[in-house]
Amino acid sequence: MKKIIIIGASSGLGYQMAADFARVGCRVGIAARRTEPLQTIKDLYPDRVATAEIDVTAPDAVKRFYDLIELIDGMDILIFAAGAGFQDPALDDAITRRILDTNVTGFARILNAAYKYFRDTASVTPGQIAAITSVAGTKGIGTASAYSASKRFQQIYIDALDQLAHQQHVNVRFTDIRPGFVRTPFLDPDKNYPMSMSTLRAARLIEEAILRGRRRATIDSRWAVVNTLWRLIPSALWRRLALTL
């Protein structure tokens, strides 16, 4: 029975994955700033689910994270699904700070804590750190400057920790999940997003990628093609594209 911690499980992909993993018998520790939605999952699977209030931007986030690991008596997989931000063409200072505090500082602190847990816990089977980044991290997107840059930071940080684990012989593997548009509360419900996926479909693809130990997974195949094409666009042409999120 796998023991899985999900940070950012109060809605969207995190919530769906928490319910899915608990339903199939995993021991799941779920955390978010808002704990009311978490209680719904715990009520369904009281013997398999533990909840915690964790704001990844708060000073006590790491302590609360370790406390949650103790509540489920260990951790095999961390899934970081917390996130903030999206469009901000006005470059609002408060929005920028919220995005960076969550997607950069909070992200790094929780991944560091998970890495140290696996480093300091002798285990025959490897631990796993999975994080939901985004295809938006492929290129800098003008209307979502802080968001796309923060997602690029996350992808590079995962690469760096993966290299560090190899150098330090830490028994942990990494999974970088890069979704396209997923119909979660994160998106504007009044907009029609191209190639958008339901939360259920995206969650199932992400779960499969995590359990198979994929190093990187773009969700779904359509976005994998788009992502590849984005990488081929020269910078001089990219700056002229009117991309919006």
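Is Gly29 buried or exposed, and what is its relative accessible area? Gly29 is buried, with a relative accessible area of 0%. Buried here means under 20% relative accessible area, exposed means over 50%, and partly exposed lies in between (1.4 Å probe, protein chains only). The model is a predicted one: local features need pLDDT of at least 70, side-chain atom pairs count only at pLDDT 80 or more, and totals for chains, interfaces and linings use all residues. Residues are numbered from 1 along each chain as its sequence is written, and side-chain values use heavy atoms, with hydrogens and water left out.

Gly29 lies in strand E2. Helices (H or I, at least four residues) and strands (E, at least two) are DSSP runs, numbered from the N terminus. Gly29 and Ile4 are 25 residues apart in sequence. Their C-alpha atoms are 6.2 Å apart in space. Gly29 touches Ile4, Ile5, Ile6, Ala50, Leu68 and Ile72, not counting residues up to four places away in sequence. Contact means heavy atoms within 4.5 Å.

Helix H3 spans residues 61-71. Its buried residues include Ala61, Phe65, Leu68 and Ile69. These four cover an arc of only 105° around the axis, so they sit on the same side of H3. The arc is that of the directions from the helix axis to the C-beta atoms. Lys63, Glu70 and Leu71 are exposed on the face turned away from the buried side of H3. The cover over the buried residues includes strands E1 (3-7), E2 (27-32), E3 (49-53) and E4 (77-80), together with H4.

The largest nonpolar core holds 44 residues. A nonpolar core is a set of buried Ala, Val, Leu, Ile, Met, Phe, Trp, Tyr and Cys residues joined through side-chain atoms within 4.5 Å. Within the largest core, Ile6, Met17, Ile30 and Ile79 touch the most other members. Met17 touches Ile6, Ile79, Ile132, Ala203, Ile206 and Glu207, again leaving out residues up to four places away in sequence.

The largest pocket contains about 1,100 Å³ of space. It is lined by 48 residues, and Ala81, Gly83, Ala84, Thr184 and Phe186 are the closest to its centre. On a 1 Å grid over the protein atoms alone, a pocket is an open set of points where a 1.4 Å probe fits, with protein on both sides within 12 Å along at least five of seven lines; lining residues have an atom within 4 Å of a point. Helices H1 (12-23), H4 (93-120), H5 (145-168) and H7 (221-232) each give two or more residues to the lining.

Some backbone angles stand out. Most residues other than glycine have a negative phi, and most peptide bonds are trans. Asp73 has a positive phi of about 60° although it is not a glycine. Asp73 lies in the loop between H3 and E4 and is exposed, with a relative accessible area of 59%. His169, also not a glycine, has a positive phi near 60°. His169 lies in the loop between H5 and strand E6 (172-179) and is exposed at 72% relative accessibility. A cis peptide bond joins Ile219 and Asp220, with omega about 5°. Asp220 is placed in the loop between strand E9 (216-219) and H7.

Terms used:
Grid points are joined across faces, edges and corners, and a volume is the space filled by probe spheres set on the points.
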